[in-house]
Amino acid sequence: MADCIFCKIANKEIPSSIVYEDEQVVAFKDLEPQAPVHVLVIPKKHIESILALTAEDAELVAHVFTEVLPKLARDLGVAEKGFRVVANTGEEGGQSVKHLHFHLLGGRSMQWPPG
Ligand code: 5GP
Ligand code: ZN
């Protein structure tokens, strides 16, 4: 989608520190990390948010949660101690980029409730 910063990252039109990529997703380091490990997992195709997911995306979502996130958590060394996966959604959810993304945060103790 034109003017979507995460589409541009997925298409390598703007640089990012990519830590994982396959046919369906890209994972890259967050520009403003909020934890020692902070990566974003995005679908390559533009999906605005969780609210825009359809049944056709079920395989993509399963892939992210059963393969990509567990692999990244292990590879980035946070699987054992624990980590957090966040999908900020909409205005009050704190979503600033309107292209679906899952934050993977770890390497420190997380607080609850989040701010
Ligand atoms: P949100 O606030 O939508 O949940 O998360 C968007 C995230 O994207 C933020 O944590 C922000 O730091 C990150 N971000 C925004 N623009 C860029 C960028 O151009 N490159 C990278 N690597 N991260 C970005
Ligand atoms: Zn996009």
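**The ligand and its surroundings**

Mentor: Sorted by class, the shell around ligand 1 holds seven nonpolar, six polar and three charged residues. Here Ala, Val, Leu, Ile, Met, Phe, Trp, Tyr, Cys and Pro count as nonpolar, Asp, Glu, Lys and Arg as charged, and the others, Gly among them, as polar. This is a predicted model, in which local features need pLDDT of at least 70 and side-chain atom pairs 80 or more, while totals for chains, interfaces and linings use all residues. Residues are numbered from 1 along each chain as its sequence is written, chains are lettered from A and ligands numbered from 1 in the order written, and side-chain values use heavy atoms, without hydrogens and water.

Trainee: What makes a residue one of those that surround ligand 1?

Mentor: A residue is near a molecule if one of its heavy atoms lies within 4 Å of it. By that rule 16 residues surround ligand 1, and Asp30, Asn88, Ser96, His101 and His103 are the closest.

Trainee: Which parts of the fold supply the shell around ligand 1?

Mentor: Helix H1 (5-10) and strand E2 (25-29) each give at least two residues, and H1 has the largest share, three residues. Helices (H or I, at least four residues) and strands (E, at least two) are DSSP runs, numbered from the N terminus.

Trainee: Why does the side chain of Asp30 count as a polar contact of ligand 1?

Mentor: A polar contact is a pair of N or O atoms within 3.5 Å; within protein, one must be able to donate a hydrogen and the other to accept it, and residues adjacent in sequence count only if both atoms are side-chain atoms. An N or O atom in the Asp30 side chain is 2.5 Å from an oxygen atom of ligand 1, so the pair qualifies. The side chain of His101 has such an atom 2.8 Å from a ligand 1 oxygen, and for a backbone N or O atom of Gly94 the distance is 3.1 Å.

**An aromatic pair**

Trainee: How many aromatic pairs are there in the whole structure?

Mentor: Two. In one, the ring centres of Phe6 and Phe28 are 5.4 Å apart and the planes stand at 80 degrees, so the pair is edge-to-face. Rings of Phe, Tyr and Trp (its six-membered ring) pair if their centres lie within 6.5 Å; planes under 30 degrees apart count as stacked, over 60 as edge-to-face and the rest as tilted. Phe6 in helix H1 and Phe28 in strand E2 are 22 residues apart, so this pair links distant parts of the chain.
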